[in-house]
Amino acid sequence: THMHSRLVLSVLAALACLPAVSQAQQCPTGYTATTVTGRVTTINVSPTRQVGQLCLVMVAADGREVFDDCGALVGKVTAMDTATGASTLNHTAVFELFESFQTNQDVAQITGVLDTDADGNPCAFSVTEHMTKLRSGLGIFNGATINVVAEGSISFCPEKNLNTFQLNGQGCIRNRRR
């Protein structure tokens with residue numbers, strides 16, 4: 001039984017490191033802790049605005065899928081520092097009529113150059129973006145909190161106007177009324 005108790009302890013120690021478990025204690029009453037995964041595909045309609053699709057999957061700690069939908073996404077760059085490659089953005093996501101949210105001051109950081117145009121100017125970049133503030137939300141996103149990292153790439157290259165990101169993180173979303 002000594003071996004068995006050591007195994008149980010190591011499993012408990014491993015579980016304590018999972019974000020969903022530690023996150024569960026932090027959600028207020030009426031909210032569910034979820035892991036968040038998803039993907040974003042957008043095009044640049046101007047140097048400061050992107051439009052496209054966001055697909056999100058949110059799973060509760062007990063394995064229940066509490067949200068799985070694709071919706072429209074609009075991103076707007078509010079500040080840019082060309083010297084450091086850092087920028088801040090606000091995003092608006094709309095799923096169904098009553099499920100939407102707006103992020104505020106997301107922080108994006110260029111982490112590398114992926115491609116250059118015919119003149120040798122960098123036109124595609126690897127980017128890491130961190131979303132931690134919701135300005136407003138409707139439906140399950142009303143009063144929700146998020147902590148999501150988006151890893152991906154942006155491209156302004158000729159014939160390749162496409163941005164793609166993979167999302168990972170956690171959040172607290174409002175319980176649906178039954």
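Which strand gives the most to the lining of the largest pocket? Strand 3 does, with six residues. Strands here are DSSP runs (E, at least two residues), numbered from the N terminus.

Before you start: residues are numbered from 1 along each chain as its sequence is written. The model is predicted, so local features need pLDDT of at least 70, side-chain atom pairs count only at pLDDT 80 or more, and totals for chains, interfaces and linings use all residues; side-chain values use heavy atoms, with hydrogens and water left out.

**Stop 1: the pocket.** Select Leu-89, Ala-108, Glu-129, Ile-154 and Phe-165. Of the 39 lining residues, these lie nearest the centre of the largest pocket. A pocket is an open set of points on a 1 Å grid over the protein atoms alone, where a 1.4 Å probe fits, with protein on both sides within 12 Å along at least five of seven lines; lining residues have an atom within 4 Å of a point. The space inside is about 650 Å³, taken as the volume filled by probe spheres set on points joined across faces, edges and corners. Colour the lining by class: 26 residues are nonpolar, eleven polar and two charged. Nonpolar covers Ala, Val, Leu, Ile, Met, Phe, Trp, Tyr, Cys and Pro; charged covers Asp, Glu, Lys and Arg; the others, Gly among them, are polar.

**Stop 2: the core.** Now select Leu-54, Leu-56, Phe-95, Phe-141 and Leu-167. They have the most contacts inside the largest nonpolar core, which has 27 residues. Such a core is a set of buried Ala, Val, Leu, Ile, Met, Phe, Trp, Tyr and Cys residues joined through side-chain atoms within 4.5 Å. Buried means under 20% relative accessible area, exposed over 50%, partly exposed in between (1.4 Å probe, protein chains only). Zoom in on Leu-167. Beyond four places in sequence, Leu-167 touches residues including Val-36, Leu-54, Leu-56, Met-131 and Val-148; contact means heavy atoms within 4.5 Å.

Stop 3: Ala-93 stands opposite Phe-101. A hairpin of five residues links the two strands. On to strand 8 (134-138): four bridges join it to strand 5, also antiparallel. Look for Ser-100 opposite Leu-138.

**Stop 4: two loops.** Pick Gln-105, between strands 5 and 6. Its phi is positive, about 55 degrees, although it is not a glycine. Gln-105 is partly exposed, at 32%. Finish at Glu-159, between strands 9 and 10. Phi of Glu-159 is near 65 degrees, and the residue is exposed, at 82% relative accessibility.

Notes: Two strands pair if DSSP finds at least two bridges between them.
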